[in-house]
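These are my notebook entries on one structure. I set down what I looked up, entry by entry.

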Amino acid sequence: MISKCVVVPRSKGETIRKKLSDEDLLRKDLRIMSSETDIFIPISVDPDNEPELCFPITEMDFEEVELAKGYRELADVPDQFKDLLPSSFDIIGDICIIKLADELQPYSRNIGEAILKANSNLKVVTLDGGVKGEFRTRDISIIAGERRTTTIHKEFGLRLEMDIASVYFSPRLSGERRRVADLVENDEIILDMFAGVGPFSIMIARDKKAKEIHDIDINPDAIVYLEKNIMLNKVENVSHYLGDARSVICGLPNADRIIMNLPHSSLDFLGTGLDMLQPGGIIHLYLITENEELEDISVKITEMAESFGHPVKIGAKKMVHTYSPTSGLYVFDLISTL
Ligand SMILES: C[S@@+](CC[C@H](N)C(=O)[O-])C[C@H]1O[C@@H](n2cnc3c(N)ncnc32)[C@H](O)[C@@H]1O
């Protein structure tokens with residue numbers, strides 16, 4: 001994975017690594033690299049506001065660290081089930097979210113304790129029962145550690161507070177949020193139709209000079225945390241609205257850039273999004289689709305847009321992450337050709 005990194009002489013490597021870790025700049029998900037003379041320490045930084053570190057900053061391709069590996073040796077489960085122990089899990093703030101096969105459920109507490117022992121930065125382990133309902137919230141239960149589901153997640157220097165039991169958030173979209181924020185130009189009007197706790201819009205508000213940013217969500221808890229995150233990150237031009245995007249949108253100005261992250265049903269809202277799009281604007285549409293249907297879906301999207309009277313061409317189209325062995329979460333950048 002490509003990441004910014006600090007190039008430090010070997011003799012100062014550990015001192016600087018510790019300093020970066022203390023300042024929450026160190027990327028613990030990537031493996032530090034070295035040459036004969038230097039250490040390359042991956043960091044998470046705002047590109048327009050790079051920290052002053054007295055050492056050069058560059059970009060390199062880093063190997064991802066399997067954070068989940070260590071616990072597997074510690075977990076006390078019968079030998080015949082060891083292979084079922086997941087090799088990865090999600091981390092939001094200091095909370096681990098893990099999926100376990102049915103055979104492992106009786107050992108969940110034990111597995112949770114092993115995860116805490118292997119990862120000192122984690123304080124809670126939860127079992128993931130899947131994302132459900134209109135609010136797209138996770139059905140979770142605590143299996144080890146502190147009895148809480150609230151946390152503060154750090155991403156590219158942003159602080160996002162949330163209750164993972166009552167709002168949607170996925171750390172797997174961090175690269176996508178960075179990509180979208182990096183595309184924003186001065187004075188854009190931005191609309192996030194399904195904003196959640198605000199990870200897209202708050203990054204844009206902090207890093208870019210957008211004219212207005214409008215966030216909608218139908219989940220009251222998401223709006224509560226969105227408000228907190230606006231204050232926590234001291235950003236100013238994000239307005240927020242509680243309600244169904246289809247009705248809230250009526251009072252808002254047309255946008256240059258629209259974010260539509262409701263991957264199971266975003267096509268149901270495509271007409272509404274296109275009605276709100278400025279000629280020449282762009283929609284970032286997220287969709288879960290079977291891999292083999294990707295080309296058919298692309299054709300369907302352009303045909304739908306045509307039928308709504310707002311033709312588009314598809315720019316970037318790529319998988320954000322796998323969803324199942326045969327499907328993925330994809331992003332389609334729809335560029336208005338009006
Ligand atoms: C997949 S989450 C995305 C959240 C956020 N964009 C993110 O990346 O973390 C979808 C969000 O859309 C909200 N939502 C679902 N239906 C909606 C609707 N009709 N109008 C507005 N928001 C809706 C849910 O409450 C949820 O927070």
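**Entry 1: ligand shell**

I sorted the residues around the ligand by class and found 12 nonpolar, 4 polar and 4 charged residues in the shell. For this I counted Ala, Val, Leu, Ile, Met, Phe, Trp, Tyr, Cys and Pro as nonpolar, Asp, Glu, Lys and Arg as charged, and the others, Gly among them, as polar. The model is predicted: local features need pLDDT of at least 70 and side-chain atom pairs pLDDT 80 or more, while totals for chains, interfaces and linings use all residues. Residues are numbered from 1 along each chain as its sequence is written, and side-chain values use heavy atoms, with hydrogens and water left out.

Which of the 20 residues around the ligand come nearest? I noted E134, F194, D217, A245 and N261.

A polar backbone atom of A245 is 2.8 Å from a nitrogen atom of the ligand. For I218, a polar backbone atom is 3.2 Å from a ligand nitrogen atom. N261 places a polar side-chain atom 2.9 Å from an oxygen atom of the ligand. Taken alone, the ligand exposes 600 Å², and the protein buries 98% of that. The areas come from the Shrake-Rupley method with a 1.4 Å probe; for residues, only the protein chains shown count as cover.

**Entry 2: domains and core**

I recorded the domain assignment, whose bounds come from an automatic or database source: domain 1 (2-61), domain 2 (71-148) and domain 3 (159-336). The C-alpha centres of domain 1 and domain 2 are 30 Å apart.

The largest nonpolar core has 36 residues, and M162 and I204 have the most contacts inside it. Such a core is a set of buried Ala, Val, Leu, Ile, Met, Phe, Trp, Tyr and Cys residues joined through side-chain atoms within 4.5 Å. Elements that each supply at least two residues of this core include β10 (158-163), α5 (199-207) and β17 (327-336). In soluble globular proteins, nonpolar side chains tend to be buried together.

Helices (H or I, at least four residues) and strands (E, at least two) are DSSP runs, numbered from the N terminus.

**Entry 3: single residues**

Most residues other than glycine have a negative phi. D187 has a positive phi of about 70° and sits in the loop between α4 and β11 (189-192). K234, with a positive phi of about 55°, is in the loop between α6 and β13 (238-242).

Are these two buried (under 20% relative accessible area), exposed (over 50%) or partly exposed (in between; 1.4 Å probe, protein chains only)? D187 counts as exposed at 54%, and K234 is exposed at 72%.

R179, in helix α4, counts as buried because its relative accessibility is 19%. Its side chain makes a polar contact of 2.9 Å with the side chain of E176.

R147 lies in the loop between β8 (137-145) and β9 (150-155) and counts as exposed at 62% relative accessibility.

Key: Near = heavy atom within 4 Å. Polar contact = N/O pair within 3.5 Å; in protein donor to acceptor, adjacent residues only side chain to side chain.
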